[in-house]
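Please study the sequence and the structure before reading each solution.

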Amino acid sequence: MKVQLSHPERLVEVKGPKRVKELLRDLNLVAEAHLVIRRDELVTEDEFLKDDDAVEIRPVISGGS
Amino acid sequence: MNCKKCHTKAVIGLPRHNAAFCKVCFNAFVREQVARAIKGERMFAPQDRILVAVSGGKDSLALWDILLKLGYKADALYVDLGIGGYSATSRKKAVQFAETVGASHQATLLTHTVQEEEGAGIRELAMLIHRPTCSACGTIKRYQFNRAAIAHHYDVMATGHNLDDEAARLLGNVLHWQEEYLDKQSPSLPASVEGFAKKVKPLYRLSEREVAAYAVLNRIDYIVEECPMAKGSKMLLYKEVLNRLETESPGTKQAFYCGFLEKQAKAQPAAASMAEKDQASLRPCSTCGQPTTAETCSYCKMMARAKTGSPR
Ligand code: SF4
Ligand SMILES: [Zn+2]
Ligand SMILES: [Zn+2]
């Protein structure tokens, strides 16, 4: 599956199927700091992502005051 | 994962509440938390006029959206800092939101452009006075929001600070034992003196991830990109640490910040004592008339230095 990441913006290819929770763990990303979006919809951590899914992992933390 | 309330498919899990919600029930949860914050901290009443500080980011736009949908009279102010593409995009997002959601609730957007009013973008200003950009930015934003709130007779000023912002700030203050700042970490700061608007943070019960989820679920088009000046900030580091703790033990951030608020409420009848303390030490700035503890307020000092280009 194609996974879009930010900061810096990049696209990585990950082999599916895979649970959201495992995808975050494999990419070394903290769940509390990210949302996982598939085709404009939020997906929960227990869900399976298929190999042909397009996924965005969006960081939710901003640093300003 | 199914929704805890209606048992349809959930769109988000909330470990710290041991819950998961579908979109409809999550929106209800968010509004409930905000309503509870407004009531519990006596932020404002149904007839009050609110000025929301918007940046084009998720927190402030979500806050404006929630307040309007709860039926409050809320306008907004956007401060254009003149930071190249970042400011251009964030301004566009704020204006777009105002023209769609804002307009449908008869709410308006005020704007303040630093390049026009202060004569240069925030980075140039900071360079002129030899101060870090974020500290100059803080001074200008605080000053201009307060001025707009007073000039246009708003009852209260609201900012989009969430639980992560407040917990990270508390961690920073505690790590350095900056006790004098702890007083100001309440989600509701009274209008302490004529010329200072009341300030509230209605999102303080929601985590940053929950606010972002609200924005995504409700198709709020916000700027995902960060202000380039935030890179490497201490706040980001504190948030990262807290979120690693949160992932291991859900509820940590809330226990930390809300526990602090409870202790503080017991220790002092906070609002009253702070208002008195402030009133005793504040007087009008000799240049602009806004309240300050010094002869000249920090904004006027900064602008004077920027004109002569000399440090301090
Ligand atoms: S990161 Fe710094 S310069 Fe950018 S908006 Fe925040 S305080 Fe201002
Ligand atoms: Zn539901
Ligand atoms: Zn002044």
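**Exercise 1.** Identify how the side chains of R219(B) and E41(A) meet.

*Solution.* The side chains of R219(B) and E41(A) form a salt bridge, with 3.1 Å from N to O. A salt bridge is a side-chain nitrogen of Lys or Arg within 4 Å of a carboxyl oxygen of Asp or Glu. This is a predicted model, in which local features need pLDDT of at least 70 and side-chain atom pairs count only at pLDDT 80 or more, while totals for chains, interfaces and linings use all residues; side-chain values use heavy atoms, without hydrogens and water. Residues are numbered from 1 along each chain as its sequence is written, and chains are lettered from A and ligands numbered from 1 in the order in which they are written.

**Exercise 2.** Describe the interface of chain B and chain A.

*Solution.* Begin with the contacts (heavy atoms within 4.5 Å): 32 residues of chain B touch 23 residues of chain A. Next, the two chains bury about 2,300 Å² between them, 55% of it on carbon and sulfur atoms. Buried area is the accessible area (1.4 Å probe) that two parts lose on being put together, summed over both. Finally, three salt bridges are found across this interface.

**Exercise 3.** Determine how α6(B) and α13(B) are oriented to each other.

*Solution.* First, locate the helices (DSSP runs of H or I, at least four residues; strands are runs of E, at least two). The axes of α6 (residues 133-151) and α13 (residues 298-308) of chain B come within 9 Å and cross at roughly 125°. Angles under 35 degrees count as roughly parallel, over 145 as roughly antiparallel, 65 to 115 as roughly perpendicular and the rest as oblique. Therefore α6(B) and α13(B) are oblique to each other. In this contact, α6(B) contributes A136(B), T139(B), I140(B), Y143(B) and Q144(B), and α13(B) contributes S298(B), Y299(B) and M302(B).

**Exercise 4.** Which peptide bonds at P8(A) and P17(A) are cis, and where do these prolines lie?

*Solution.* H7(A) and P8(A) are joined by a cis peptide bond with omega of about -5°. P8(A) belongs to the loop between β1 (2-5) and β2 (10-13) of chain A. The bond from G16(A) to P17(A) is also cis, with omega near -5°, and P17(A) occupies the loop between β2 and β3 (18-19) of chain A.

Note on methods
Axes fitted to C-alpha atoms, helices over the stretch in contact; angles between N-to-C directions.
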